Amino acid sequence: MLANILSFIFGSIVGSFLNVCIYRLPQSKSVVWPGSHCPKCEKRIPWYDNIPYIGFIMLKGKCRFCKKNISLLYIIVELITALMFIALYNHFGLTYDFCVYTVFACALIVATFIDIYHRIIPYEISVGGMIVGLLLNIIKGFNLNPFSWNYAAGVNSVIGLLLGGGLIYLSGKIFDLVYFKLLKKPPIQGETESMGGGDVLLLAMIGSFLGWPGALLTFFIAPFFGAVVGIINLLVKKDHTIPYGPFLAIGALVSLFWSNKIIRILLP
Ligand SMILES: [Zn+2]
């Protein structure tokens, strides 16, 4: 119980930093300096207004200075991050894997919200995440007493990175070839490329954290979520395009938590 409360509090604080990343990364601004500002009136936000949930409730959802509404998104991101920390703690305990996958989950949360609002996935998250995922997997192989190094996790990470990026790249190219060239369909909103480079880099990043089995599972799980939301989107908004990053993120989390169960069902 205490561990869950601590996970919730720590996750909420991290979530409030993820909000800063989600807001600033697309504008190429530093995420550490200067301190938090109201996006509407640019006034500096005092620390006590920045306490997760409590600040928002005390201010009744309005900026202290300009009285404009504070986006509910801030609370949503803090809450999702907090719940993610609880789930990760209960799955991995206080282990090295817990640290690795909290970093991973945070990167996925930031990528998801930036992709939804800006239709981009910043290189800081995709390429930066690839490097971090690879390093954390290499470090995982070190044993200090007696000193030895098992390179299996590092190799798995490299293969996952290449496989993840390669699968999305190839499937996008094959789809474009069949849909636009062979079936001669007109470009969708001026585009003849269905899969963005951001998605290729994102699945490469996912592969670098999860290794090749996780990259493969994510590749096959993501379209199920994508198809459901895509159809709803098409019916409600008559819009053909949806950001794919959030579905890759969902697929990655499903394979992170349940890959063993899924593999056992698929390969009995
Ligand atoms: Zn303001």
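Before you click anything, one convention: a residue is called buried under 20% relative accessible area, exposed over 50%, and partly exposed in between, using a 1.4 Å probe and protein chains only. What you have open is a predicted model, where local features need pLDDT of at least 70, side-chain atom pairs count only at pLDDT 80 or more, and totals for chains, interfaces and linings use all residues. Residues are numbered from 1 along each chain as its sequence is written, and side-chain values use heavy atoms, with hydrogens and water left out.

**Stop 1: valine 178**

Select valine 178, which sits in helix H6 (152-182). Helices here are DSSP runs of H or I with at least four residues, strands are runs of E with at least two, and both are numbered from the N terminus. Valine 178 has a relative accessible area of 37%, so it counts as partly exposed.

**Stop 2: the zinc ion**

Next, select the zinc ion. Which atoms coordinate it? They are the SG atoms of Cys38, Cys41, Cys63 and Cys66, at 2.3 Å. A donor is an N, O or S atom within 2.8 Å of the metal (3.2 Å for Na, K and Ca), and water is not among the atoms, so sites may look incomplete.

Check the angles while you are there. Among the 4 donor atoms they run from 104 to 117 degrees, and the site is tetrahedral. The label applies to four donors if all angles lie between 85 and 135 degrees. For reference, the ideal angle for four tetrahedral donors is 109.5 degrees.

In the sequence panel, the donor residues follow the spacing C-x2-C-x21-C-x2-C. Colour by accessibility and cysteine 41 comes out partly exposed at 25%, while cysteine 66 is partly exposed at 23%.

**Stop 3**

Step along to lysine 67, in the loop between H2 and H3. Its phi is positive, about 65 degrees, although lysine 67 is not a glycine. Lysine 67 is exposed, with a relative accessible area of 54%.

Then jump to lysine 184, in the loop between helix H6 (152-182) and helix H7 (197-237). Lysine 184 also has a positive phi, about 55 degrees, without being a glycine, and at 67% relative accessibility it is exposed.

**Stop 4: the second largest pocket**

Select Tyr23, His37, Pro39, Ile45 and Tyr74, the residues nearest the centre of the second largest pocket, which is lined by 40 residues. On a 1 Å grid over the protein atoms alone, a pocket is an open set of points with protein on both sides within 12 Å along at least five of seven lines, and lining residues have an atom within 4 Å of a point.

The space in this pocket is about 890 Å³. Grid points are joined across faces, edges and corners, and the volume is the space filled by probe spheres set on the points.

Which helix gives the largest share of the lining? H1 does, with 6 residues. H1, H2, H3 and helix H4 (96-118) each supply at least two. By type, the lining has 21 nonpolar, 11 polar and 8 charged residues. Here Ala, Val, Leu, Ile, Met, Phe, Trp, Tyr, Cys and Pro are nonpolar, Asp, Glu, Lys and Arg are charged, and the others, Gly among them, are polar.

**Stop 5: helix H4**

Move to valine 100 in helix H4. Valine 100 is buried at 2%, and its C-alpha is 41 Å from that of phenylalanine 180, 80 residues away along the chain. Alanine 105 is also in helix H4 and is buried at 1%. From alanine 105 to isoleucine 168 is 20 Å, C-alpha to C-alpha, with the two 63 residues apart in sequence.

Now pick cysteine 99, partly exposed at 43%. The structure holds 0 disulfides, a disulfide being a pair of cysteine sulfur atoms within 2.5 Å.

**Last stop: two cis peptide bonds**

Select tryptophan 33 and proline 34: the peptide bond between them is cis, with omega near -5 degrees. Proline 34 lies in the loop between H1 and H2. Finish at asparagine 145 and proline 146, joined by a cis peptide bond with omega about -5 degrees. Proline 146 is in the loop between strand E1 (142-144) and strand E2 (147-149).

Definitions and conventions. Tetrahedral: all angles 85-135°; square planar, octahedral: opposite > 155°, others 65-115°. 1 Å grid on protein atoms, 1.4 Å probe; cavity = no way out; pocket = protein on both sides within 12 Å on 5 of 7 lines; lining within 4 Å.
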